[in-house]
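Good morning, and thank you for coming. I would like to take the group through one chain, with the sequence and the model on the screen.

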Amino acid sequence: MELIKEDEGLEPVSPTGQYFNSKVMSVSILGILESEIPIDDSLAQLLIRDVFLPINPRFSSIMVMRQNGARKWKKVEVNVENHVHVPSFSSPKGSSSPSPSENDSFLKSYISQIAMRPFPQGQPLWEIHIIKCPTSEAQGTVIFKLHHALGDGYSLVGALLSCLQRADDPSLPITFPSVNNFSSANKDDRNIGLRKVVSRCFLPLVDTVRDFSWSVLKSTCVKDDLSPIWRGSENFRPFSVSTITFSLDRIKEIKSRLRVTVNDVIVGVVFLATRLYMHRTRGKSNLGTNSTALVLLNTRNLRDYKSVSDMVRPNSKSPWGNNFAFLHVPIPKVKPSDSQFSDPVKFVHKAHEVIKRKRSSLGVVLTGKLLEIMKKCRNAEAVAKHISRTLRNSSMVISNVMGPMEKLSLANHPVKGMYYTVVGTPESLRITIFSYAGNLRVAVGAEEGFVDSELYTSSLLDAFNAILDDACRKQQ
């Protein structure tokens, strides 16, 4: 990293941006767009210069450091050619035109390669990879690799959406699912007794102490049990990505029947799928392991996406940057005698109960204050090690980002599907979820040679169907 003596006028790098671009870890987000038609990349560089780079100054900046360790964003001239990559795949048999199924394998391998490859020094922290070969899912694929120091999923998705237009009518604004529609629990507060009032005041305090204490322990000395999805690796290893698509309407049907939120349904499906996967790989002995999921929580006060100009405005309610926290959510255990998973909706109700309780406590706030104190008393590298241990001591990470309701297009290329994944973190299993045009795309990032991503994806489908059937049967 370039050392500078003077930093007058340079924007400081946020604390989280420093943690995610450190000696301990370098975390990036891969955003994958699937095109319905073959990709014409003749105007790619022009579009990047005129549309992508002006979105935010950070896309034209490099991270530099003063001798005291303070990091800043320094604006530089961008050579677009260094950031755009157009690979070509060739068949092992020597054929110049591999089949879509062969390209599926090549694309998986290519994603794994770019995930492992660090960004070149001295240039802005983003890349665009244009895959012109057809796969079984699309006629072409565009991969945006964006360093997490630039912003979190909310910020970067907002930036990418600034490059897209509605496919049906570009003049119309892009719309998103209402946050209010993601919850339908009936709350009748007209008859609240003294007992409930006391519990509502006292329980959040107890939950805050418990959540904060548990967060500290999980980040220092308490590790998950060894299992088919966790082996305590300290390093980032090659991984493969598999995806599966669910109907958002069917998920909302489950939500309405169980009176929970869409996020509760998603997490419940993931939890049941995880236990199914454990059972299918190693039998009943793994149904009762102490396994934890880190569920990412957006800490902004928002209802939908804001424009990038709104995000970068001072005192914005939905600011650009990294504004999220981890919730430690235990994966529900299953008794060995219940290896047939007789109560699938239990996983949804348990997710709802735990997440609701953790949201109401101040454990996340106290953890954030702890990181601030660590940074002041020590340095950003010490905090980065703390965050890395937090990730390493837990079995999996779950991240969910809300996407547009309509189909979009990129430079007159209709986008068939969109998903994302996070790379550069030490866990063996990461689940990322993105809603797009009435569907929910779940991407399974699994460590190669340890977690079978195809089997896990199959377990997700079985878990979803089991919860849907169980919810419908119990409401008859």
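**Salt bridges, cores and a buried helix**

At 34% relative accessibility, Glu36 counts as partly exposed, a class that lies between buried, under 20% relative accessible area, and exposed, over 50%, with a 1.4 Å probe and protein chains only. Before I go further, this is a predicted model, in which local features need pLDDT of at least 70 and side-chain atom pairs count only at pLDDT 80 or more, while totals for chains, interfaces and linings use all residues. Residues are numbered from 1 along each chain as its sequence is written, and side-chain values use heavy atoms, with hydrogens and water left out.

Which residue does Glu36 pair with in a salt bridge? The partner is Lys407, and the closest N and O atoms are 2.7 Å apart; a salt bridge here is a side-chain nitrogen of Lys or Arg within 4 Å of a carboxyl oxygen of Asp or Glu. The pair links distant parts of the chain, 371 residues apart. Glu36 sits in the loop between strand E3 (28–35) and H2, and Lys407 in the loop between strand E13 (396–401) and strand E14 (408–410). Helices (H or I, at least four residues) and strands (E, at least two) are DSSP runs, numbered from the N terminus. Lys407 is also partly exposed, at 41% relative accessibility.

By this rule the count comes to 21 salt bridges. Another of them joins Asp224 to Lys218, with the closest N and O atoms 2.5 Å apart. Are these two residues buried or exposed? Asp224 is buried at 6% relative accessibility, and Lys218 is buried at 0%.

A further salt bridge is formed by Asp462 and Arg280, at 2.8 Å between the closest N and O atoms. Asp462 belongs to helix H12 (residues 453–474) and Arg280 to helix H7, so this pair ties together parts that are 182 residues apart in sequence. Asp462 is partly exposed at 30%, as is Arg280 at 38%. Salt bridges with shared partners also join Asp207, Arg210, Asp211, Arg357 and Lys358 into one network.

Let me stay with H7. This helix covers residues 262–282, and its 21 residues reach 30 Å from the first C-alpha to the last, close to the 30 Å expected at 1.5 Å a residue; the expected span is 1.5 Å times one less than the number of residues. Because 16 of its 21 residues are buried, H7 is largely enclosed by the rest of the structure. Just after H7, Gly283 takes a positive phi of about 80°.

The largest nonpolar core has 56 residues, of which Phe52, Phe59 and Trp126 touch the most other members. Such a core is a set of buried Ala, Val, Leu, Ile, Met, Phe, Trp, Tyr and Cys residues joined through side-chain atoms within 4.5 Å. Apart from it lies another core, of 54 residues, including Val265, Leu297, Ala351 and Leu440.

Leaving aside neighbours within four places in sequence, Trp126 has contacts (heavy atoms within 4.5 Å) with residues including Ile48, Phe52, Phe59, His83 and Lys145.

Finally, the chain as a whole. The secondary structure comes to 12 helices and 17 strands, and buried residues make up 51% of the 476 residues. Of the contacts with a separation of 6 or more, 79% are between residues 24 or more positions apart.
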